[in-house]
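Dear colleague,

Please find below the structure for your records. My notes on it follow directly after.

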Protein chains: 2
Amino acid sequence: MNAPEKLPPSTFRFTLSAWSAQQLAAVEQALSRWVACPSNAPAPAGLGDAMRYAVLDGGKRLRPLLVMAACEAVNGNAHAALRSACAVELIHAYSLVHDDLPCMDNDVLRRGKPTVHVKFGQAQALLAGDALQALAFELLTPDDDSVDAATQARLCRMLAQAAGFQGMAGGQAIDLASVGRPLTSAQLHEMHRLKTGALLQASVMMGAACGTASLAAPKVQSALRDYGAAVGLAFQVVDDVLDVTADSATLGKTAGKDAAQDKPTFVSLLGLQASKDYAQQLLAQALASLESSGLRNTDALQALADMLVNRAH
Amino acid sequence: MNAPEKLPPSTFRFTLSAWSAQQLAAVEQALSRWVACPSNAPAPAGLGDAMRYAVLDGGKRLRPLLVMAACEAVNGNAHAALRSACAVELIHAYSLVHDDLPCMDNDVLRRGKPTVHVKFGQAQALLAGDALQALAFELLTPDDDSVDAATQARLCRMLAQAAGFQGMAGGQAIDLASVGRPLTSAQLHEMHRLKTGALLQASVMMGAACGTASLAAPKVQSALRDYGAAVGLAFQVVDDVLDVTADSATLGKTAGKDAAQDKPTFVSLLGLQASKDYAQQLLAQALASLESSGLRNTDALQALADMLVNRAH
């Protein structure tokens with residue numbers, strides 16, 4: 001056997017678009033296979049159609065990308081990460097379906113398409129959301145050896161906490177109670193920490209939880225938690241900015257609706273330019289946290305934070 | 001040390017009321033502590049109140065009792081069973097909250113009280129249901145040594161499947177699609193197997209899953225699965241009978257509503273007497289399955305099946 005040839009110095013440079021394309025292909029394929037797939041495990045009476053409509057062919061898949069990036073940073077179990085990525089996306093998708101219902105935001109346009117209840121009726125939309133939440137936990141607990149039991153249990157715990165009353169649902173309750181009322185900066189932060197921040201942060205932490213315990217040292221955990229918190233908050237600040245500066249076609253959803261509904265936002269509280277500056281500060285914090293983690297393979301996490309803050313929609 | 005006195009022959013006889021009272025005290029206390037308890041982990045903006053209203057002070061707790069009884073039959077981990085009992089009840093409670101919403105059954109009375117959306121508004125009811133589902137999985141995954149990771153993962157898997165599109169949510173979708181349409185006996189059975197049967201059966205199987213693997217031998221598993229299926233179906237047959245024969249005050253919910261909504265039921269399909277006979281046949285099947293399990297401590301499972309079929313509300 002010949003000695004291996006000496007390779008030239010690596011010219012590899014990380015590009016988010018190539019990395020994302022690869023991850024998204026896997027995530028889309030997995031979602032398509034796992035979400036009430038007709039040939040696999042049919043959901044009765046149109047429920048599967050509504051579930052698939054709510055999840056497939058749309059969405060930036062930001063949460064799945066964060067899961068995959070965090071798993072990569074700790075060199076974790078990629079199969080566990082793929083399941084986690086899909087599970088987190090299902091929680092996100094169900095929350096949108098329920099959020100769009102007439103008794104909530106009453107929105108008719110989402111990702112450039114009619115919302116689920118417009119297409120399938122309110123009752124089916126309600127059920128589809130409920131079933132998507134259950135499916136998220138089903139995806140995290142495969143009945144085989146692909147993900148060890150301790151990781152399965154840990155992932156379920158993290159997702160349940162992030163989705164529930166101390167996470168996303170709690171944030172939505174604050175949102176509900178705050179329409180038309182002035183919020184302090186602290187209250188607005190708390191609302192978004194729960195409403196969108198918890199699930200974004202959980203995406204990062206779940207990806208990291210797919211790694212071995214040694215890599216999940218307290219210092220790494222804490223750095224990734226800070227990264228997740230900064231990224232989660234920045235996401236919402238940018239969302240508020242875009243709600244003012246972008247149009248519906250670019251957003252794929254109704255623009256200007258926060259102002260129209262008299263909802264408190266970072267822009268209404270801080271002003272437009274200060275909100276933009278704040279998003280950049282949060283990006284810097286997120287990158288500093290990554291730096292402090294001591295992890296070496298954080299290219300994707302870095303690039304995602306940058307993309308998320310500097311996105312146009 | 002003296003030799004122990006010889007005890008007189010045991011006069012112990014199992015009584016369901018005494019057993020249930022003991023189990024229910026533990027379940028109610030646990031629910032009260034774990035469901036968004038204000039002193040423990042407050043849920044924001046009224047969400048905790050809505051969640052607690054939906055769960056506490058009401059309900060027969062049939063599912064928790066099945067969990068505890070099955071755990072007892074296999075001499076399982078009682079703490080895991082208590083968590084499972086509460087988790088199953090939270091799934092049941094959330095399904096009632098969502099089911100009562102105007103876009104579904106539009107019911108205003110439940111357990112003799114105004115339904116959650118009547119009391120708290122539709123949006124809060126929707127969120128409370130969503131948060132209760134997440135909390136169920138949180139209860140199953142305690143971050144301590146009280147339940148081993150393999151059991152946690154297994155319980156999550158079982159509950160997610162029973163709650164989701166191949167279980168309760170799927171059955172509700174069939175229900176939704178079947179209003180005002182004639183169903184065959186096979187279709188009616190399938191609807192109820194999913195809508196109520198899946199979670200009742202899961203209650204039995206989750207209780208059994210709190211036992212050690214040796215007791216969860218295939219023969220035992222299969223017998224308990226059959227018991228759960230028979231009990232789950234019998235429950236619905238009796239529900240249909242009571243919808244015709246009992247009044248709203250006795251039921252604690254609106255009587256006669258299936259007929260009013262032109263919903264197919266066992267009574268409309270088989271007739272009243274044949275439905276009563278069918279329930280008794282299913283009871284006999286359930287008891288025969290228990291007998292075949294070879295388990296010795298099935299008093300509570302036997303008595304629950306009997307109570308469930310011969311109940312007055």
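**Helix packing in chain B**

In chain B, helices α14(B) and α15(B) are roughly antiparallel to each other, a term used for angles over 145 degrees. Their axes come within 10 Å and cross at roughly 175 degrees, with α14 covering residues 272–293 and α15 residues 299–309. Axes here are lines fitted to C-alpha atoms, for helices over the stretch in contact, and angles run from 0 to 180 degrees between N-to-C directions. Helices (H or I, at least four residues) and strands (E, at least two) are DSSP runs numbered from the N terminus.

On the α14(B) side the contact involves B:A279, B:Q280, B:L283, B:A286, B:L287 and B:L290, and on the α15(B) side B:L301, B:Q302, B:A305, B:D306 and B:V309. Residues are in contact if their C-beta atoms, placed from the backbone, lie within 7 Å. By class, this contact has eight nonpolar, two polar and one charged residues. Ala, Val, Leu, Ile, Met, Phe, Trp, Tyr, Cys and Pro count as nonpolar, Asp, Glu, Lys and Arg as charged, and the others, Gly among them, as polar.

**Basis of the model**

The model is predicted: local features need pLDDT of at least 70, side-chain atom pairs count only at pLDDT 80 or more, and totals for chains, interfaces and linings use all residues. Residues are numbered from 1 along each chain as its sequence is written, while chains are lettered from A and ligands numbered from 1 in the order in which they are written.

**The interface between the chains**

In chain B, 46 residues are in contact with 46 residues of chain A. Two or more residues each come from α2 (47–55), α6 (122–139), α7 (149–163) and α8 (168–178) of chain B, and α6(B) gives the most, with twelve residues. The side of chain B that touches chain A divides into 29 nonpolar, 13 polar and four charged residues. Because 100% of the interface residues of chain B are also interface residues in chain A, the copies meet through the same surface.

Chain B is superposed on chain A by a rotation of 180 degrees with 0.0 Å of shift along its axis (RMSD 0.0 Å). That is the relation of a two-fold axis. The superposition is by least squares on the C-alpha atoms of residues with pLDDT of at least 70 in both copies. In chain B, B:A153 comes closest to the rotation axis, at 2.5 Å (C-alpha).

Yours sincerely

Key
Angles under 35 degrees count as roughly parallel, over 145 as roughly antiparallel, 65 to 115 as roughly perpendicular and the rest as oblique. Two residues are in contact if their C-beta atoms, placed from the backbone, lie within 7 Å.
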